[in-house]
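Morning, everyone. Please have the model open on your screens. I'll keep this short.

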Amino acid sequence: MQGAMGEKSEYSENVPSDLEFLGGDFTVLNASSLAQADAGDGPGLRVLKEVLLAILRCPGFVFSVQPQEEYTRVREKTGGKWREVMRFPATLHREFGEEVSRLFLKCNFHHYSLPQDGVVLLALGDGKWYDLFVSTVTGIHGPIFDFTFARREISFDLDLDKLGFDASGLAALKKAVDAPAGMVLVTGPTHSGKSIVCYSAVMRRLLRGDSVTTIEAPRKFRLPGARQIQLGYGGNYENFYANALADDPRVLLVQEIRYYEPIVGALASARERLVVAGIHAGEVILCLIRLQRFAGDEKFPQSEQKRIRQDRELLAESLSLVCSGRVLNLLCPGCRQPGTVPAATIRRSGLAVAGEGDVPVFSPGPGCEACRGTGIAGCRGIYEVLPISRDMRRLLAGPVPECAIIRQAREEGLLSLREMALRLALDGAIGFQHAIAATSPPFPDDLNH
Ligand SMILES: [Zn+2]
């Protein structure tokens, strides 16, 4: 599996010429032409070219262009943090906006009072194509522009079969995705491959001709034929649900749920359709515990108890499957470095291995010709998948201690990401330290309070 979006590579003069497969009415931006100043370029276009070049040189995929009082800031989001890339005088922001609207939105600058979004195709020198999405809303000092890159070839290749699920996990996931209703929840931190699982699940239904609507923030991939709605700044989920559900889609993708209310809204709409949602909530067991806690508990005031009961029942009724993944770097077999770890350390870390003494493991090598000096030979996804059983539904509906949920998940054979990663480390496929760093320790079975 490739990284969630692949690498953004250097731009150069050499741009592919075959546009036939693209279809649609898109502006095509050629990265090398951005570097050439044209005598006819107005100040707005010059700034836009500078901004696009600056963000092309950055490693990230998400950018925001925000006007302030005296200057406009261009910021990049990498590793969950924002960092300033460049700034330009506020006096140029209006012209910049006009060029963005001409190029991306194909509309008049004056129609900015509502959130809008658009896309251009970006051709880079190595033959790769990107969708460069922009979405805009009005801020206090003028329109704010958010840019997101997405590798176009991945948009055309979103397939659950290619993500690295094991056979039983894949079968359970497909069953839940093919069901007429219910919620499939994909949980995990940033860069855990959450989006690609969500989009691949939705693509499966899209290819069968089902109607699909999405609520995205930011948009990650193009889904041909889907109604893709971007949730802009200050976006209110209630309004977006109303809009998204207006044409009664068979499938709704909610790309990222962060708060409690959107979960209730998504669960409610999952009574009548498949809802695929991403959530930033740790691994499968932790996610279930958090969902149950989200609703509230018996310590809440009496006036809240009825709602809490209803929300829990809704959760138990609608949730059909929870899955969580990680993208792990594979060691280059040509240069990986052998080492050992005491068996007791591996047991403490979460994998039951027999015996005492040292167990052979590996760490990344210094790099060789085969891995082009990186020590890494690609990456793969690992996934824990838990279809929600009748017994688990009963637990989610009632006020039960956390340990009951943990025990039930274990009894149903849920293998934690930590266990899976450690097994790969013992096989020499990934580094031992990487297995520990990329996953959380498993919950103790005797957790109780
Ligand atoms: Zn190597």
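I'll go through a sheet, a helix, some ring pairs and one proline. Keep in mind that this is a predicted model.

Sheet first. It is open and has seven strands, in the order S10-S9-S11-S12-S8-S13-S16, with mixed pairing. Its edge strands are S10, residues 227-230, and S16; each pairs on one side only. On average, neighbouring strands are turned by 15° against each other, direction ignored.

Now look inside the sheet. Strand S8, residues 182-187, runs parallel to S13, and five bridges join the two. Find Val184: Leu321 in S13 stands opposite. What packs on this sheet? Helix H9, residues 284-294, does. H9 touches S8, S12, S13 and S16, and its direction makes about 145° with that of S13.

Next, helix H14, residues 417-426. Is H14 mostly covered or mostly open? Mostly covered: eight of its ten residues are buried. Among them are Leu417, Met420, Leu422 and Leu424, but also Arg418 and Glu419. The cover over the buried residues includes strands S13, S15 and S16, plus helices H11 and H15. After H14 comes Gly428, with a positive phi near 85°.

On to the aromatics. The count is five aromatic pairs. Take Phe88 and Phe96. Their ring centres are 5.3 Å apart and their planes stand at 45°, so this pair is tilted. Both Phe88 and Phe96 are buried. Ring pairs also bring in Phe145, giving a cluster of Phe88, Phe96 and Phe145.

Tyr199 sits in helix H6, while Phe221 is in the loop between S9 and S10, 22 residues apart. Tyr199 counts as buried because its relative accessibility is 0%. Phe221 is buried too, with a relative accessible area of 1%.

Two arginines also sit over rings. Arg87 lies over the face of Tyr71, 3.8 Å from the ring centre. The charged end of Arg336 is over the ring of Phe362, 3.9 Å from its centre.

Last stop, Pro342, in strand S14, residues 337-342.

Notes
Residues are numbered from 1 along each chain as its sequence is written. This is a predicted model: local features need pLDDT of at least 70, side-chain atom pairs count only at pLDDT 80 or more; totals for chains, interfaces and linings use all residues. Side-chain values use heavy atoms; hydrogens and water are left out. Helices (H or I, at least four residues) and strands (E, at least two) are DSSP runs, numbered from the N terminus. Buried means under 20% relative accessible area, exposed over 50%, partly exposed in between (1.4 Å probe, protein chains only). Contact means heavy atoms within 4.5 Å. Two strands pair if DSSP finds at least two bridges between them. Axes are lines fitted to C-alpha atoms, for helices over the stretch in contact, and angles run from 0 to 180 degrees between N-to-C directions. Rings of Phe, Tyr and Trp (its six-membered ring) pair if their centres lie within 6.5 Å; planes under 30 degrees apart count as stacked, over 60 as edge-to-face and the rest as tilted. A charge sits over a ring if NZ of Lys or CZ of Arg is within 6 Å of the ring centre and within 35 degrees of the ring normal.
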